[in-house]
Structure formats: structure tokens, C-alpha cells
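Student: I am new to this structure. Can you walk me through how to read its features?

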Amino acid sequence: MLNSLEQFMAEFTRTSPLNKVAELSDLQIFDVPIVGVASADDSLFEQLKQPTAVGDHHLLPQEWLPGSTSVISYFLPFTPAVRHSNRQAGLPSTEWLYGRIEGQTFNNALAQAIADWLRNQGYQALVPALDRRFTIINRRSNWSERHVAFIAGLGTLSLNRSLITERGSAGRLGSVVTDLPLKPTPRYYKEIEENCTHCGACIHRCPPQAIDETGKNHAICSNYLDGVLKQFSPRYGCGKCQTAVPCEDRIPGR
Ligand code: B12
Ligand code: SF4
Ligand code: SF4
């Protein structure tokens, strides 16, 4: 069943007009996603309620969808055209700005299409990011896609807090909770930041110097993004810490 779903997701990504930007010569935003599965009963979901992880408001899969058994998480890698355009220093490239805004519209459509596909097979499905209960409190959401992807075997966090997958960190994440029973993806890592070499390249890429050897200051990053929004509204973004770095499109050192 997972194979058929992955094929559906790949086809949707290849053919959806939402994954193209007409005003940028039909630029394709994302490559085909990689997919991981977590058991809805994985004890790590409970751990995310700790204040040091995400917080008490982070909902369990069963709180989103009673009776759920699996969480399907995916990473949509940006195409080389989007990634390479953002390798210059300073302001985000036009392609990256579209990747953030139009890219998220496509990401939402993909998540919705997965949920519809599952319902057509007779299963229940829910997209937390599109649910009316979804909220963000002090820059901490009640469904953190990076933490969910970590549990689903897709990759680990990093010095700058991005998730690093086997396709790198430059891309976007999404997930669907379902009562379809699926085999969980084994986690090939043990540590929270295992895929990051702590090389420090992202420290020097960050325009407002939000990153240092100890991690990333979300407030500095967020304030900088607010400034970018003022300049490029309705688009914004930055992602310099995810481009022209060794973890842009791979797990560094592998
Ligand atoms: C709020 C938010 C922001 C805030 C805060 C960012 C953050 N990292 O938390 C601001 C505005 C600064 C921001 C910036 C950006 N964002 Co943002 N953001 C979000 C959002 C909506 C929620 C994030 C959240 O809940 N954070 C929770 C806090 C607690 O996370 P944390 O501090 O990193 O967590 C630490 C602790 O949990 C600790 N820990 C302690 N105990 C334990 C135990 C376990 C088991 C684990 C796993 C961890 C753990 O480890 C973590 C690292 O130290 C998500 C979408 C979503 N619903 O998830 C997107 C998201 C994180 N953003 C994303 C992106 C792409 C960006 C930007 C690049 C902007 C852009 N598009 O140009 C930048 C920079 C990203 C970066 N380097 O972090 C992507 C990330 C993709 C990736 N590869 O990781 C996401 C997932 C959106 C998406 N749908 O794809 N973002
Ligand atoms: S650039 Fe280096 S230090 Fe920064 S997240 Fe990537 S691997 Fe880690
Ligand atoms: S998104 Fe930009 S401002 Fe935020 S941490 Fe990355 S490089 Fe710095």
C-alpha cells in the first residue's frame, strides 16, 4: 500500500500545475518527495510534550485523529534551479521566495491529495497543518513537521535547526495522520543532530547572524524574515542556512 501511495505522490508532484511557476518560465519548485512512516504509538510523540522538546500543546497523533495508527511524513526537496539560485549571499533569490509561498500552496495541495487518496481506499486521514486546531504559540507549533519527520525516520535536526534528510535540508515538509496500518520506517540515527557535522558553514551564511556554535536564535531569524516580508510582500523567506552549505542536498560527510 505504501508503494502505491508513494507512486501517487511522485505522479502528483510531477504533474500538478501548482508545482510550476508560470511567471518564472514554468520553473518546477520541488522534486519528488521522500517518505517516512511513524507508528502513531511511538513513545517519542509523548516526549514532544516536554517543554524542552516542543511543549505541552504539541498534540499526539490520536489527539488529531482518534484511532489513528500511522503518521506519513514527507520531505519535498527543492529542485536544483531553486537551490542554486539562493546560493548568492544576502537577500533571498526570486525563485526561493516563490518556493516559500507558492511552494507551500503546492505542499498543502499534496497533503490534501494524500488524505483524499487514503479516504478513497476506505481509511480515515487528517492533515494537522490544515486542521482548524493547528496553531503556533511562541514560534512553537502544536504539530512540528521537523520533529514528526525525525520520528518517521526521515532525518535529524541540525545546528541551525533545519531537518537534514538524505536529500539535504533545502526543501519543505508535510504530514498526514491516518488509521491505515503501515510498517514504521526504521530510524538510522540515535542522536537528535546526528546528520549535522557542526561544520559551521551555516553560521557564516546567515545575514542577521542568528546562528552560532551553540545553535540558532529563532527570534533573530524571525525578525529578519519580517523585514524581508516588508520588502517582498506578499512573499518572504531566506534559507541561506540551507543553501551553499554541505547539507544543502545531502547528509554531509557521506
Ligand atoms: C515557527 C516556525 C519558524 C520560526 C522558528 C523556527 C524553528 N526552527 O522552530 C522561524 C520564523 C524563525 C522560522 C524560520 C524558518 N523556517 Co520555519 N517553521 C516554523 C513552523 C511553523 C513551526 C516550528 C516549530 O514548531 N518549532 C518548534 C521548536 C521547539 O523547534 P526547535 O527549537 O528547533 O526544537 C529543538 C528542541 O525540540 C530540541 N529537542 C529537545 N528535546 C528533543 C527531543 C526530541 C525527540 C527531538 C526530535 C528534539 C528535541 O531539538 C530541537 C533543536 O534544538 C514550521 C512548520 C511546522 N508546523 O513544523 C516551519 C518550518 C520549521 N520552517 C521551515 C523553513 C524552511 C524555514 C526557513 C528556512 C524560512 C524560509 N522558508 O526561507 C527559516 C529557517 C529555518 C531554520 N533554520 O530553522 C521548514 C523547515 C524545513 C527543514 N528542512 O527543516 C518548516 C518545517 C516548514 C515546512 N512545512 O517545511 N520558522
Ligand atoms: S552547514 Fe554544517 S553546521 Fe550547519 S546545519 Fe549544515 S552540516 Fe550542520
Ligand atoms: S533562514 Fe536566514 S535568517 Fe534564518 S537562520 Fe537561516 S540564514 Fe539565518
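This is a predicted model: local features need pLDDT of at least 70, side-chain atom pairs count only at pLDDT 80 or more; totals for chains, interfaces and linings use all residues.

**Reading the core, the ligands and the loops**

Tutor: Start with the largest nonpolar core, which has 31 residues. Met-9, Tyr-74, Phe-78, Leu-110, Ile-114, Leu-118 and Val-176 have the most contacts inside this core. A nonpolar core is a set of buried Ala, Val, Leu, Ile, Met, Phe, Trp, Tyr and Cys residues joined through side-chain atoms within 4.5 Å. Buried means under 20% relative accessible area, exposed means over 50%, and partly exposed lies in between (1.4 Å probe, protein chains only).

Student: Which helices and strands each supply at least two residues of this core?

Tutor: Helices and strands here are DSSP runs, numbered from the N terminus: H or I with at least four residues for helices, E with at least two for strands. At least two core residues come from each of α1 (2–15), β3 (34–39), β4 (70–77) and α5 (94–120). The largest share, 11 residues, is from α5.

Student: Which residues does Met-9 touch?

Tutor: Contact means heavy atoms within 4.5 Å. Not counting residues up to four places away in sequence, Met-9 touches Pro-33, Val-35, Tyr-74, Leu-110 and Ile-114. There is also a second, separate core of 24 residues. Leu-48, Leu-59, Val-177 and Tyr-189 are among its members.

Student: Is Tyr-74 buried or exposed?

Tutor: Tyr-74 lies in strand β4. It counts as buried because its relative accessible area is 0%. Now look along the chain: Tyr-74 and Val-228 are 154 residues apart in sequence, and their C-alpha atoms are 27 Å apart in space.

Student: Where does Phe-78 lie?

Tutor: Phe-78 is in the loop between β4 and α4 (80–85). With a relative accessible area of 3%, Phe-78 is therefore buried. Sequence and space can be read side by side here. Phe-78 and Asp-31 are 47 residues apart in sequence and 6.1 Å apart in space, C-alpha to C-alpha. Leaving out residues up to four places away in sequence, Phe-78 touches Ile-29, Phe-30, Asp-31, Arg-83, Trp-96, Gly-99, Ala-170, Gly-171 and Arg-172.

Student: How many residues surround ligand 2?

Tutor: A residue is near a molecule if one of its heavy atoms lies within 4 Å of it. For ligand 2 the number is 14, and Cys-196, Cys-199, Gly-200, Cys-202 and Cys-247 are the closest.

Student: How does that shell divide by class?

Tutor: Ala, Val, Leu, Ile, Met, Phe, Trp, Tyr, Cys and Pro count as nonpolar, Asp, Glu, Lys and Arg as charged, and the others, Gly among them, as polar. Around ligand 2 there are 9 nonpolar, 5 polar and no charged residues.

Student: Which residues surround ligand 3?

Tutor: They are Cys-206, Pro-207, Pro-208, Ile-211, Lys-216, Cys-221, Tyr-224, Cys-238, Gly-239, Lys-240 and Cys-241. This shell has 8 nonpolar, 1 polar and 2 charged residues.

Student: Now the backbone. Which residues does a cis peptide bond join?

Tutor: Ser-233 and Pro-234, with omega at about 10°. Pro-234 is in the segment after α8 (218–232).

Student: What is the phi of Ser-25?

Tutor: It is positive, about 55°, although Ser-25 is not a glycine. Ser-25 lies in the loop between β1 (20–21) and β2 (27–28). Its relative accessibility is 70%, so Ser-25 counts as exposed. Asn-138, also a residue other than glycine, has a positive phi near 50°. Asn-138 sits in the loop between β6 (136–137) and β7 (140–141). Asn-138 counts as exposed because its relative accessibility is 70%.

Student: Where is Thr-214 found?

Tutor: In the loop between β11 (211–212) and β12 (215–216). Thr-214 is exposed, at 65% relative accessibility. Beyond its neighbours within four places in sequence, Thr-214 is in contact with Leu-159 and Arg-161.

How values were computed. Residues are numbered from 1 along each chain as its sequence is written. Chains are lettered from A and ligands numbered from 1 in the order in which they are written. Side-chain values use heavy atoms; hydrogens and water are left out.
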